[in-house]
Amino acid sequence: MILDYWYLENPITTEIIRNALISTADEMNTSLFRSAYSPIIYEMKDCSVCLFNKNVELLAQSAGLPIFLGNLDECIDTTTKLIGGMENYNEGDVYIMNDSYITGAHLNDITVFSPIFYKNKLVGFAATRAHWLDVGGKDPGGPMDSIDIYQEGIRIPPIKIYEKGFPRQDVIALITRNSRFKESVLGDLNAQIAACRTGEMRFKEIIKKFGLETVERCISDIFKQSERIDSNVISKIPDGEYKAEGYLDNDGFSDDPVLVKVKVIITGESITIDLTGSSKQVQGMTNCGMAQTIAACRVAFKDLISPDSPVTEGNFKKMEVIAPEKTIFNAKEPAACQWYFGSLGLLIDLIIKALSPVLKEQSVAAHFGDSMIVAFSGQGERTNELYYIAETNAGGWGGFMGNDGESGLINHVNGDLKNLPVEILESKYPLKVEKYGFRSDTGGPGIQRGGLGIKRAYQVLNNNTKVALWFDRTKTPAWGLFGGKSGKEPEVFIHDGDNVKRFYKLNATPLNKGSRVVIKTGGGGGFGHPFNRDPDLVLQDVIDGYISKGAARDKYGVILEKGLFKVNYRKTSNYRNKCR
Amino acid sequence: MEGEVVLTRYRLGVDIGGTFTDVILHDKVDGIYYTEKTLTTLGNLSKGVLKGVTKLVNDVDDVDYFVHGTTVGLNALLERKGSKMALILTSGFRDIYEIGRANRPEIYNIKYRKPSPLIRRRHIYEVEERIIVDGSIETPVNFKQLDFVIKKLIENDYDSVAISLLHSYRNPTHERQVGEYIKRKIPNISVSLSHEIAREWREYERTSTAVINGYIAPIVNSYLSELEVETLDKGLNRNLYIMQSNGGVMTSEVAKKGAIQTLMSGPVGGTMGSANIGELTDEKNLICIDMGGTSFDVSLVIDSEPDVTSETNLEGFPILSPMVKIHTIGTGGGSIAWLEGGGLRVGPKSAGSDPGPACYGNGGEHATITDANLLLGILDSDGLLDGDMKLNYQLAHKSVENIANQLKLSVMETAEGIRDVANAKMADAIRTLTVSKGIDPRDFSLVAFGGAGPMHAVSIAQYLGIKKVIIPHAAGIFSARGMLQTDIKHDSVRTFVSLLDEIDINDMNNLYKEMEKEIGDILSGQNIKKAEMQFNRTADLRYVGQEYTVSVPYPFDQASDQNVKQLQHMFHVEHLKTYGHNNPSGSIETVNLRVNGYGQLGIADNQNKFALKADEAPNTYSIKTVIWDGTQIETPVYLVNDLSYGNVLYGPLIIKESTSTIVIPKGYKLEIDRFQNMIIMQL
């Protein structure tokens with residue numbers, strides 16, 4: 001098939017420039033990783049960088065966390081309005097901000113950007129966002145139980161920290177003095193500025209090599225390409241409205257469930273994601289600013305449509321996100337936003353669920369869904385220093401056409417985050433791990449089974465230990481698709497002697513020496529009716545202990561020969577016909 | 001070619017690849033290298049080796065040193081054809097191998113699956129025991145329960161078993177006890193103890209390393225045993241040396257105990273050869289590119305030392321074993337050109353070797369970089385391998401035409417475009433790599449080898465602002481040559497976590513001494529005398545709160561407060577160099593202590609003593625039409641064998657070699673140095 005495309009520029013030059021822009025973003029991020037002070041940035045990759053042209057259109061992005069998908073343009077636009085227009089940017093200026101209602105994220109996420117000038121002309125912007133260790137606020141690192149934004153730290157509107165190449169030391173001091181870790185945040189600030197400089201330098205090299213006009217023409221062609229890739233996929237989705245909804249267990253403050261309601265409207269080549277009807281903004285900290293809500297919708301879209309191709313302004317052109325003000329997805333002052341990502345994992349899964357009837361091949365059953373945080377704090381035995389360790393726990397992912405969901409994998413919004421090895425945990429903190437392994441029978445049954453949750457048991461080794469928990473998704477555990485069943489929900493047990501109690505969320509609570517905290521994460525949803533799963537695969541799962549013999553019969557309708565690892569096909573077939 | 005030098009002694013290097021076995025013979029008297037390429041004899045690899053060797057020398061008795069790079073281990077892993085094996089873990093932790101680090105490197109892939117484990121869960125057993133973090137035994141090994149596991153091991157007839165118990169890096173007693181007990185009950189089973197393979201903390205990484213060792217050990221061992229017998233038959237009864245992933249060599253006896261160190265045995269030779277060429281040409285910093293039909297690998301030589309990493313990742317599995325760092329950043333000559341949203345893309349999809357590029361005529365329909373090179377006149381229809389493999393111009397034309405029509409460009413414009421995009425993209429990837437290392441590519445020279453490397457090297461260098469490109473003599477069998485330049489090397493490591501301010505100097509000294517004794521014994525076993533041994537101590541340090549460490553040399557025999565102060569100072573300096581900043585008031589902790597032990601072998605004399613500058617210009621082999629920057633130019637073609645020391649030529653020109661084609665555009669000067677290397681300089 002020969003398609004009739006119109007090009008402004010030679011497609012070869014366009015492709016060379018496109019690759020150069022992508023690697024410019026990669027180099028910005030590499031530069032940020034390399035020079036950041038805090039492991040949150042260079043190890044947990046809680047950061048993102050973007051390169052824009054002079055119209056604040058995205059040229060290339062390199063995201064550390066998946067939910068930072070193209071959300072920095074809003075920050076630049078707001079600043080431009082505030083300073084009275086593009087003409088008021090100067091070469092060498094650097095701006096900073098962290099206001100949740102502009103950036104969409106929590107106050108720890110600091111946005112830094114700088115305009116790029118070439119031969120005295122504004123040609124673009126380099127922007128970065130990174131999580132700072134501490135920005136003031138009532139608790140070190142950020143509170144776990146805030147009820148308004150003023151408890152969460154210093155709130156910075158768009159403000160200049162470099163003017164025409166010279167640092168405004170007074171402003172920088174004002175910001176860093178509000179942190180408990182001044183040296184670290186100053187280091188991270190410098191790393192973000194260095195990343196902007198890297199972007200600036202490389203973008204100017206590209207312009208110098210190819211000429212500004214050529215680069216601009218190529219950029220138009222690149223946007224067109226991205227737009228075509230997306231509209232090509234959207235136009236194949238039948239027009240209509242697709243809906244899904246689910247609940248967060250609560251906002252951490254009250255015990256009321258928090259509703260997330262999604263309506264996806266497809267019209268021709270456009271897609272609208274309407275979140276109207278989702279919960280009003282809540283007293284607890286699970287509120288999110290609009291910019292991050294948009295970013296999460298883009299993640300779902302990208303997951304479904306083009307997981308591999310780099311993002312530009314051309315993508316998402318046909319996407320509109322609607323979230324009424326003063327709801328959890330478009331929070332306004334004074335809503336607490338520290339746990340802004342709490343609802344986003346659920347939102348992403350729900351968008352996929354809504355579209356699954358028309359995107360069966362691309363869709364995936366829900367995953368266990370949340371970060372499943374267990375945090376210990378107290379006094380170390382050796383140094384007597386205070387310690388704090390928050391563990392993000394893995395769980396099961398959803399099945400999809402072609403394969404079972406993965407078992408024991410960190411949740412979606414945390415991207416490439418790794419678990420902490422038992423041997424490191426035990427040497428740094430007064431804790432002993434007694435068990436770490438899969439939780440059998442937790443994956444939602446299906447033709448493709450959901451992945452398994454995990455179980456991790458800790459023993460507390462001294463008296464000064466406190467535990468905090470944030471476990472969610474018991475009210476809406478990972479659902480199945482196309483007849484697949486739900487995965488099992490999470491739970492946590494705390495054993496103190498013979499006394500055993502179940503918890504989901506807990507503020508820092510003291511434990512006695514010898515107490516045991518046993519956390520169990522949920523499994524992923526199944527895909528397709530489990531009675532249609534290949535009996536031999538069910539048998540393999542029994543042999544490997546992922547499911548029990550009982551579940552093989554009850555959930556999958558597979559009867560094994562007594563005392564043997566062998567399928568009785570005749571009985572299986574009868575049972576499946578009878579009990580379906 | 002061996003006629004006149006009967007009395008001399010040779011050094012022999014052999015590299016077995018998937019298709020070819022490369023043999024290189026170094027004549028120590030006149031300093032000349034002889035090379036031979038034979039087909040790899042699959043099924044009986046040692047036969048191919050000996051066939052190649054006997055083509056070069058009549059009497060293997062003249063060979064006093066035989067080093068060999070093998071890919072049997074690597075292939076077993078890549079093809080998932082390893083041994084039938086079991087894994088034994090601490091009770092309560094059966095799933096640590098399958099859970100791994102629970103991370104998802106492809107952040108927009110909701111269908112992500114971890115690499116499928118080398119051992120299924122049903123083959124993973126638990127043993128009741130527990131050592132706690134300080135190394136003390138909380139629960140002794142339950143041998144009654146272990147008997148039950150052993151029954152299963154016998155029933156299932158495993159060839160190999162890996163044992164990885166919690167905190168064995170701190171106290172290996174339980175692993176030893178379990179290993180010895182199993183060995184007594186099942187004498188023929190291959191046993192891999194995690195602390196012997198990688199004595200470092202982090203249970204998943206250590207287990208993964210032990211599993212890979214166990215997975216390939218029986219295969220590597222039987223291959224080496226067979227090779228030993230056959231070489232003994234031929235009179236090659238001196239020690240057989242094996243190239244290691246860490247850039248050193250070891251005797252085959254040692255290789256059998258640590259199969260994992262043979263993993264990158266082949267590819268590493270190229271980096272070592274580059275380091276050697278750097279030494280000869282006074283280039284301390286090199287970017288080494290190895291491009292073949294299906295791969296594009298980059299490694300670095302910094303300050304004359306190959307860039308070695310203590311942790312690497314293969315097929316998604318972590319390996320805690322020192323290896324020369326080889327970055328795979330592309331897919332080589334088989335990278336496919338395709339269209340997306342109306343835009344041209346090159347790679348990362350690859351036609352691989354089957355069906356391969358369209359011009360191979362094996363049914364491949366997609367245009368690849370190789371097809372573009374053929375259309376442009378850089379490659380010939382006669383192909384590369386001395387005419388063994390023809391390339392079909394018509395098929396290449398058809399495949400590129402398909403893309404050209406959609407782009408509304410001419411076929412030749414498109415072919416050149418595919419090549420340009422590929423070169424620019426490879427340069428971009430190399431630049432990002434250097435940024436992450438904090439180095440500037442413009443301070444480096446480029447060394448290119450592998451079949452397709454020299455075809456693209458100069459263009460890639462141009463994009464990177466690199467002025468000098470070196471194409472080594474016999475670039476096609478460069479890995480084998482690199483192996484001849486290496487010493488025996490053996491590394492050891494101990495995890496030793498302590499604040500630097502509170503360090504127990506005696507403990508530290510004892511661990512270093514323990515490792516040096518361990519390595520010393522292994523080196524002695526390889527006939528290295530005390531005087532020829534060298535030990536380098538290093539420490540992996542970090543600021544408290546960091547996860548990753550910086551390796552800092554500890555050049556002292558003793559630990560003293562003074563020396564520890566010095567170590568502290570050097571850490572701040574290294575941290576600044578590596579990460580662009582440091583924190584002189586931050587507290588530092590040690591994580592691992594390491595010793596690299598070297599046994600000097602008296603490396604080949606590199607002087608080509610008879611080299612004389614040629615006073616005549618070389619003969620032109622042919623003139624052919626090649627497209628350079630959109631213009632057809634009648635371009636001279638030379639054969640590499642016609643070039644001699646002192647020849648100077650100016651681009652554009654093409655040089656043909658049996659395994660490779662060297663492309664030199666306009667604006668570059670070529671000089672042949674006394675070692676027959678091609679030095680290409682920007683004018």
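Buried residues have under 20% relative accessible area, exposed residues over 50%, and partly exposed residues lie in between. The model shown in these views is predicted.

**View 1. A nonpolar surface patch on chain B.** With a relative accessibility of 36%, B:Val648 falls in the partly exposed class. B:Val648 belongs to strand β31 of chain B, which covers residues 648–650. Together with B:Tyr650 and B:Leu683, B:Val648 makes a nonpolar surface patch of about 330 Å².

**View 2. The parallel open sheet of chain B.** Four strands of chain B form this open sheet, in the order β6-β5-β9-β10, and their pairing is parallel. The edges are taken by β6 (124–127) and β10 (190–193) of chain B; each has a single partner strand, so one side of each lacks a neighbour in the sheet. From one strand to the next, the twist averages 25°. Within the sheet, strand β5 (residues 85–90) of chain B pairs with strand β9 (residues 160–164) of chain B over five bridges, in the parallel sense. One residue pair to look for is B:Ala86 and its bridge partner in β9(B), B:Val161.

View 3. Antiparallel strands β8, β9 and β10 of chain A. Strand β8 (residues 240–248) of chain A runs antiparallel to strand β9 (residues 258–267) of chain A, and nine bridges join the two. A:Glu241 has A:Ile265 as its bridge partner in β9(A). β9(A) is also joined by five bridges to strand β10 (residues 270–274) of chain A, again in the antiparallel sense. On that side, A:Ile265 stands opposite A:Thr272 of β10(A). The hairpin turn between β9 and β10 of chain A. Two residues lie between β9(A) and β10(A), which form a hairpin. In the turn, A:Gly268 has a positive phi of about 60°.

View 4. Zero disulfides are found over all chains in a search of the whole structure. A disulfide would need two cysteine sulfur atoms within 2.5 Å. For A:Cys75, the closest cysteine sulfur is that of A:Cys50, at 9.6 Å, which is too far for a bond. A:Cys75 is buried, its relative accessible area being 0%. For A:Cys297, the closest cysteine sulfur belongs to A:Cys288 and is 9.5 Å away, also too far for a bond. A:Cys297 is buried, with a relative accessible area of 0%.

How values were computed. Residues numbered from 1 in each chain as written. Chains lettered and ligands numbered in written order. Predicted model: local features only at pLDDT ≥ 70, side-chain atom pairs only at ≥ 80, totals over all residues. Heavy atoms only, no water. Patch = residues over 30% accessible without salt bridge, like charges linked within 9 Å, V, L, I, M, F, W, Y side chains within 5 Å. Areas by Shrake-Rupley, 256 points an atom, 1.4 Å probe, with all protein chains shown as cover. Salt bridge = Lys/Arg side-chain N within 4 Å of Asp/Glu carboxyl O. Buried < 20%, exposed > 50% of the residue type's maximum accessible area, 1.4 Å probe, protein only. Pairing = 2+ DSSP bridges. Axes fitted to C-alpha atoms, helices over the stretch in contact; angles between N-to-C directions.
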